[in-house]
Amino acid sequence: MKKMIIAPLLCALALAGCSAFGGSSDDSSSQTESFNLSTDSEAADEFVDRYMQKMKNKAPAEEVFCDVFTEEFIDKLKDSGQWEMTKQSIESTYPYITDVSSKRTGILTENQLRGAESVYKALTGESVEILSGYSYDYTTYLEINGESSNIPSELCAIYLVDDGWKVLNSSPKSLG
């Protein structure tokens, strides 16, 4: 039974990039706009911390996707009828998440930034320009049927021109 729950959880976490974004209030919108203006490591750390807290706090799926993908890509999912299935897949993982944590492990090289652009295009069909990025180790802590476990993984926080910080659920080694 545990494997039946963990397999879809891993798929949903990989699809979502284990991310989340702020609420839709005007206050939060302005925080996100000013937050996205900085490309330094402190801004990336804050972005990833906020993203982790949103996963822990079980943010709505659209909030999760907004830290991973552009609004245009999310609109494509909605227009193609794939949004509801994607949303349910993400939100079905929430009951099992008890905590999440992350730690910055490095800065992406120019070669890795170009690799991230290629991965992003392969995932979305969109060409993007990435100005900077950082790598992170993260762990998702779960409780399933009274058993605790954790899923360690890696991700990158990347800064997209015109779209700000996004999470890319890839290890820095896989980027180049």
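The model is a predicted one. The chain has 176 residues, of which 45% count as buried, and its secondary structure comes to seven helices and four strands. Read from the N terminus on, these elements run α-α-α-α-α-α-β-α-β-β-β. Five salt bridges are found in the structure, while a search of the whole structure finds zero disulfides.

**Salt bridges between elements**

- Lysine 56 forms a salt bridge with aspartate 99, and the closest N and O atoms of this pair are 3.7 Å apart.
- Because lysine 56 lies in helix H3 and aspartate 99 in strand S1, which covers residues 97–107, this pair ties together parts of the chain that are 43 residues apart in sequence.
- Lysine 56 counts as partly exposed at 32% relative accessibility, and aspartate 99 also counts as partly exposed, with a value of 28%.
- Glutamate 62 forms a salt bridge with lysine 78, where the closest N and O atoms lie 2.7 Å apart.
- Since glutamate 62 belongs to helix H4 and lysine 78 to helix H5 (residues 71–80), the pair ties together parts that are 16 residues apart in sequence.
- The relative accessibility of glutamate 62 is 34%, so this residue counts as partly exposed, and lysine 78 counts as partly exposed at 33%.

- Glutamate 117 forms a salt bridge with arginine 114, with the closest N and O atoms 2.8 Å apart.
- These two residues, glutamate 117 and arginine 114, are three residues apart in helix H7, and therefore about one helical turn separates them.
- Glutamate 117 counts as buried because its relative accessibility is 16%, which is under the 20% cut-off for that class, whereas arginine 114 counts as partly exposed at 33%.
- Glu110, Arg114 and Glu117 are linked in a network of salt bridges.
- As a general point, side chains of opposite charge can pair when their charged atoms come close.

**A patch of negative charge**

- On the surface, Asp40, Glu42, Glu46 and Asp49 gather in a patch of negative charge.

**Loop residues with a positive phi**

- Most residues other than glycine have a negative phi.
- Lysine 58, although it is not a glycine, has a positive phi of about 60 degrees.
- Lysine 58 is found in the loop between H3 and helix H4, the latter covering residues 61–66, and at 36% relative accessibility this lysine counts as partly exposed.
- Aspartate 162 likewise has a positive phi, here of about 75 degrees, although it is not a glycine.
- The place of aspartate 162 is in the loop between strand S3 (147–160) and strand S4 (164–168).
- Aspartate 162 counts as exposed because its relative accessibility is 75%, a value over the 50% cut-off for that class.

**A buried glutamate in a loop**

- Glutamate 126 is found in the loop between helix H7, which covers residues 110–124, and strand S2, which covers residues 130–144.
- With a relative accessibility of 11%, glutamate 126 counts as buried.
- Although glutamate 126 and threonine 70 are 56 residues apart in sequence, their C-alpha atoms are 9.0 Å apart in space.

- Cysteine 66 counts as buried, at 15% relative accessibility.
- Cysteine 156 is also buried, with a relative accessible area of 0%.

Technical notes: Residues numbered from 1 in each chain as written. Predicted model: local features only at pLDDT ≥ 70, side-chain atom pairs only at ≥ 80, totals over all residues. Heavy atoms only, no water. Disulfide = S-S within 2.5 Å. Buried < 20%, exposed > 50% of the residue type's maximum accessible area, 1.4 Å probe, protein only. Patch = residues over 30% accessible without salt bridge, like charges linked within 9 Å, V, L, I, M, F, W, Y side chains within 5 Å. Areas by Shrake-Rupley, 256 points an atom, 1.4 Å probe, with all protein chains shown as cover. Salt bridge = Lys/Arg side-chain N within 4 Å of Asp/Glu carboxyl O. Lys, Arg positive; Asp, Glu negative; His and termini not counted. Charge placed at Lys NZ, Arg CZ, Asp CG, Glu CD.
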